[in-house]
Amino acid sequence: GTTTETALAFRILKQFMEDKYGDQAAGRIYATTDKARGALKPMADEEGYETFVIPDDIGGRFSVITPVGLLPIAAAGIDIDVLMQGLHDGMGEYGDADLDKNPAYRYAVARRILQHQGYDVELFVNYEPQMAMVSEWWKQLFGESEGKDGLGILPDSVNYSTDLHSLGQFVQDGKKVLFETNLYVEQPMIDITFPGDDKNADKMNYLAGKSVDWANKMAAKGTLMAHEETGGVPNIIITMPSMTSYDFGNMCMFFFKAIAMTTLLNGSNPFNQPGVEVYKKNMFRLLGKE
């Protein structure tokens, strides 16, 4: 309850709820809070909000597996028990110290090798529109975890093939400072078959009967060939079987394990974020917070 942006949004929403529902507003508000500290916990107790506790030792970027993430995920109708099973299974899959058996650790080591070769930017690539916000979460997870002590790889993300029309030129022919990490999904949530047309005025009948996912995968294959073989850009490929809640939980653990290992290889603590506190203190002062 002390982060300015979310606290500001909550006050506005709280006022809206109280104006609309009056005394019933408190029964419609659910709060995720620290166990005891912060500004939101005392307010929730006083107002009678239903509360869910965030463990004190889990940073925001890891909190998707706490009520911070699980409450809205459950409200969206997604089975969080299955999600947590995927996470639990990932603990075993990605806990083996043998690199030959642990793809998360192989990814972690590959990142360090590439940085030692001069690649200081990692471009996280996905081809599924539904995964766009996963990219945003990935940037926070990797940026806050390893960007410290004057070290780390700058994380950025793109949604191909859309962003190929804006950043593709730089990736292909620009300065060789980046590598790409591709997140491929074998089975998408939604797929349709491209229809035929007797007139074929748009000259697209060569795709008739093919699925949109197949066309998407050909775009990914063609892009990989262009960037890696012609552009000389290193590429890492990570594959998810599908986009079920189980696979999402398993993917979270993959990246949790990978970022911990890759940051420790730099000699840094992957679980703190001291640099974030600097801007907050400056912002509080400029906003006039006592």
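**View 1. Four strands, side by side.** Two strands count as paired if DSSP finds at least two bridges between them. In this predicted model, that gives an open sheet of four strands, ordered β4-β3-β5-β6 and paired in parallel. On the edges sit β4 (154–159) and β6 (235–242), each pairing on one side only. From one strand to the next, the twist averages 20°.

**View 2. Zooming in on β5 and β6.** Here β5 (residues 178–187) runs parallel to β6, and the two are joined over seven bridges. Look for Gln-187: its bridge partner in β6 is Ser-242.

**View 3. Helices across the strands.** Helix α5 (residues 103–116) lies across β3 (121–126), β5 and β6, at about 160° to β6. Helix α8 (residues 212–230) lies across β5 and β6, running at about 160° to β5.

**View 4. Rings around Phe-255.** The ring centres of Phe-124 and Phe-255 are 5.8 Å apart with planes at 75°, so this pair is edge-to-face.

**View 5. Charges over rings.** Arg-28 holds its charged end over the ring of Tyr-21, 3.8 Å from the centre. Lys-210 lies over the face of Trp-214, 4.2 Å from the ring centre.

Terms used: Residues numbered from 1 in each chain as written. Predicted model: local features only at pLDDT ≥ 70, side-chain atom pairs only at ≥ 80, totals over all residues. Heavy atoms only, no water. Axes fitted to C-alpha atoms, helices over the stretch in contact; angles between N-to-C directions. Contact = heavy atoms within 4.5 Å. Phe/Tyr/Trp six-rings, centres within 6.5 Å; stacked < 30°, edge-to-face > 60°. Lys NZ or Arg CZ within 6 Å of the ring centre and 35° of its normal.
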